[in-house]
Amino acid sequence: MLSYRHAFHAGNHADVLKHFVTIQLMQYLNQKDTAYSYIDTHSGAGVYALDGSFASKNAEYDTGIGPLWERTDMPAPLKEYVDLIRAMNPSGKMRYYPGSPYIADQVAREHDRLRLFELHPADSKLLADNFRKLDEHAAQQGIRPTTRGKRVLVTRGDGFQALKALLPPPSRRALVLIDPPYEDKQDYKKVKDTLAEALVRFPTGTYAVWYPLLQRMESRQFADKLKQLQCSDWLNVVLTTNTPMPDGFGLHSSGMFILNPPYTLEPMLKEVMPYLVKVLGKDAGARFTLESGKPTGTRNTAVRRPVSR
């Protein structure tokens, strides 16, 4: 199924959650000098024009980056995310929004490696073109790579299948981001199966999964199934911006499920999530849930009580 285009949803509340968490995961990896791999299984186009025909159709960015754009009271981790987006909009007008590949490119260091996969033919071409333009701009500025090998590889292909060949990475350090469209309900099973195999190949990697909370059974049961995976520990954070519509349409909630999260992530989320609920919440149904623990079915399992608004 290749109908999904993320440009329609660029900059919405789900992107805010996904992208600011991704930045914090990469900043944690940046604390050690050793290089790491960033692997994005469903990369999209990399950059989106908010005034383009796709993004402006429903203006979903008004549920996410829009309300944050002029704020001056943001917690530091959230400000870091917004500042990155402001840097790509030097005029001060919110025109462009980065996808996860562009964000990763800006946060990763020169000796880290980005491996980007996108199956949609149009978005794959846009992704490759966007990174070609970044390379050309750097060359015009006299910036030349100082490390051997290709820092960014863009591949048109199935990220679920491609992940097998990349694990474990040479440096034994990696962040894997998995965020398929979930238009096909089989994506939920593919994510779980892909992670189960990845954890056998590379049990110490950090794996971040974005997912929507929808009415369909596969969505409601998804996080509980991920809790069964044999990792060291897990963290699950959900942002709900409004009460679900009676007809079940519309994205009101999304989550980030992280396997082998850094110890710094949970206290950071306890600081930031109440702020996001306050700024992005639309009604009394706005809330967040934060929980962590060890795989279910293992000895010494300790799941903490969810924290909500």
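Okay, let's start at Leu 276, which sits in helix H10, spanning residues 265–280. Keep in mind that this is a predicted model. So, is Leu 276 buried or exposed? Its relative accessibility comes out at 0%, and because buried means under 20%, Leu 276 counts as buried.

Who are its neighbours? Leaving aside residues up to four places away in sequence, Leu 276 touches Val 16, Phe 20, Leu 68, Leu 78, Leu 239 and Gly 281. There's also Leu 17: 259 residues away from Leu 276 in sequence, yet 8.9 Å away in space, C-alpha to C-alpha.

Now zoom out to the core. The largest nonpolar core has 89 residues, and Leu 276 is among those with the most contacts inside it, along with Phe 20, Ile 65, Leu 68, Leu 78, Tyr 81 and Leu 269. Helix H10 gives the most to this core, 10 residues. In general, nonpolar side chains in soluble globular proteins tend to be buried together.

Take Leu 68 from that list. With residues up to four places away left out again, its contacts include Val 16, Met 74, Tyr 81, Arg 86, Tyr 275 and Leu 276.

Let's move over to helix H7, residues 159–166. Which residues are buried there? Gly 159, Phe 160, Ala 162 and Leu 163. They're on the same side of H7, because they cover an arc of only 160 degrees around the axis. Their cover includes strands S1, S4 and S6, plus helix H8.

Methods:
Residues numbered from 1 in each chain as written. Predicted model: local features only at pLDDT ≥ 70, side-chain atom pairs only at ≥ 80, totals over all residues. Heavy atoms only, no water. Helix = DSSP H or I, 4+ residues; strand = E, 2+ residues; numbered from the N terminus. Buried < 20%, exposed > 50% of the residue type's maximum accessible area, 1.4 Å probe, protein only. Contact = heavy atoms within 4.5 Å. Arc of directions from axis to C-beta. Core = buried A, V, L, I, M, F, W, Y, C linked by side-chain atoms within 4.5 Å.
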